[in-house]
Amino acid sequence: MAPTTTRVLRLLALLQGRERTGRELAERLGVTDRTLRNDIQRLRELGYPVHAQRGALGGYRLGRGTTMPPLLLDDDEAVAVAVAIGVAEDGSTGIADIADHASRALAKLDQILPKRLQRKVSALRAATAIGPATTGSREPDTPVPAAVLTTLAGAIRDGATVRIEENARRHPGSEVEPYRLINWQRRWYLVAYSLGDHSWHAIPVARIHRAEPGDHRFAARALPDDDLVAFVMRHIAITGWRVHARITVLAPAETVIARINPAVGVVETVDADTCVLHTGADALETVAIYLSMLMMDFRVDSPPELLTHIRTLARRYTEAVADTPNA
């Protein structure tokens with residue numbers, strides 16, 4: 001029989017999952033029914049509301065109490081909670097005053113995490129930068145496997161190559177030198193130097209279905225940009241969307257740059273009063289709506305399909321004011 005404290009903690013962990021019968025709990029703990037009842041009582045005395053249901057289908061379950069008792073988390077749960085709190089601490093939730101609460105919670109969690117888990121969490125936090133906050137609608141989430149993120153973060157921490165396999169590719173995985181993870185709008189990107197084509201990439205982590213440690217360490221190269229967040233934002237604006245558009249804006253480039261979010265597009269100067277905006281989104285409808293929000297005159301260079309959506313918006317706007325007095 002395990003020592004009483006260890007056994008009670010194991011019992012608490014079992015109850016935090018789901019309702020269990022007394023027989024199941026006794027067998028899992030290797031104790032008698034009497035010892036189990038005593039341990040249940042110990043949990044109740046510590047403030048854990050353990051509810052019992054009698055009968056053949058009865059059992060024990062952990063209820064809601066008036067105070068927040070300590071939680072027991074397995075390894076994956078602890079890492080997930082720590083990473084999620086870390087993202088909230090960076091202010092990406094948009095919730096006022098949450099950063100201070102998140103910092104205190106994270107400090108408590110860091111204090112008790114086993115070293116093997118603390119290394120995973122620390123590596124991911126140190127390897128991650130947060131992209132700029134945006135206003136308006138957010139593009140659909142693209143979830144990524146936690147195991148892939150922790151592998152990439154560990155490789156960044158160790159300065160080691162990593163072999164990745166992307167969903168869209170049919171050939172064997174490539175080996176890259178990973179430098180930074182960027183989190184933007186709940187999407188993850190890996191800034192890496194490919195040893196296959198010898199060039200820099202901003203790889204959507206959602207496309208990576210397998211990541212394994214590579215064969216060697218590497219010396220850090222000169223980065224493609226002093227600001228890797230800006231590097232990823234430019235990549236997203238040019239290639240990171242399902243649809244792309246080229247727009248001539250009848251305004252100075254500086255005026256347009258001051259108006260847009262870095263991830264929305266890349267601006268090129270044509271002359272003192274004209275520039276070209278390369279932009280994109282997950283749908284042409286989104287591009288059309290965004291262009292109406294620029295509050296500047298523009299011409300669509302490509303794609304021609306975008307004009308259909310702009311005409312639809314123009315018709316709706318016109319009809320909306322057609323019967324309005326003084327329209």
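Strand 4 covers residues 160-166, and it pairs with strand 5 in the antiparallel sense over three bridges. Two strands count as paired if DSSP finds at least two bridges between them. Strands themselves are DSSP runs of E with at least two residues, and helices are runs of H or I with at least four; both are numbered from the N terminus.

The model is predicted: local features need pLDDT of at least 70, side-chain atom pairs count only at pLDDT 80 or more, and totals for chains, interfaces and linings use all residues. Residues are numbered from 1 along each chain as its sequence is written, and side-chain values use heavy atoms, with hydrogens and water left out.

Stay with strand 5, residues 174-184. This strand is mostly covered, with ten of its eleven residues buried. Buried means under 20% relative accessible area, exposed means over 50%, and partly exposed lies in between (1.4 Å probe, protein chains only).

Strand 5 also pairs with strand 3, residues 128-130. Here the sense is parallel, over three bridges. Look for isoleucine 130: its bridge partner in strand 5 is asparagine 183.

Next comes strand 6, residues 187-194. Strand 5 and strand 6 run antiparallel, joined by eight bridges. Proline 178 stands opposite alanine 192 of strand 6. These two strands form a hairpin, with two residues between them. In the turn, glutamine 185 has a positive phi of about 50°.

Strand 10 (residues 265-271) and strand 11 (residues 274-281) pair in the antiparallel sense, over six bridges. Two residues lie between strand 10 and strand 11 in this hairpin. Aspartate 271 has threonine 274 of strand 11 as its bridge partner.

Now turn to the helices. Two packed helices are described by the angle and the distance between their axes. Helix 1 spans residues 4-15, and helix 2 spans residues 22-29. Their axes come within 11 Å and cross at roughly 135°. Axes are lines fitted to C-alpha atoms, for helices over the stretch in contact, and angles run from 0 to 180 degrees between N-to-C directions. Helix 1 and helix 2 are therefore oblique to each other. Under 35 degrees counts as roughly parallel, over 145 as roughly antiparallel, 65 to 115 as roughly perpendicular, and the rest as oblique.

Which residues make the contact (heavy atoms within 4.5 Å)? Helix 1 supplies Arg7, Arg10, Leu11, Leu14 and Leu15, while helix 2 supplies Leu25, Arg28 and Leu29.

Terms used
Contact = heavy atoms within 4.5 Å.
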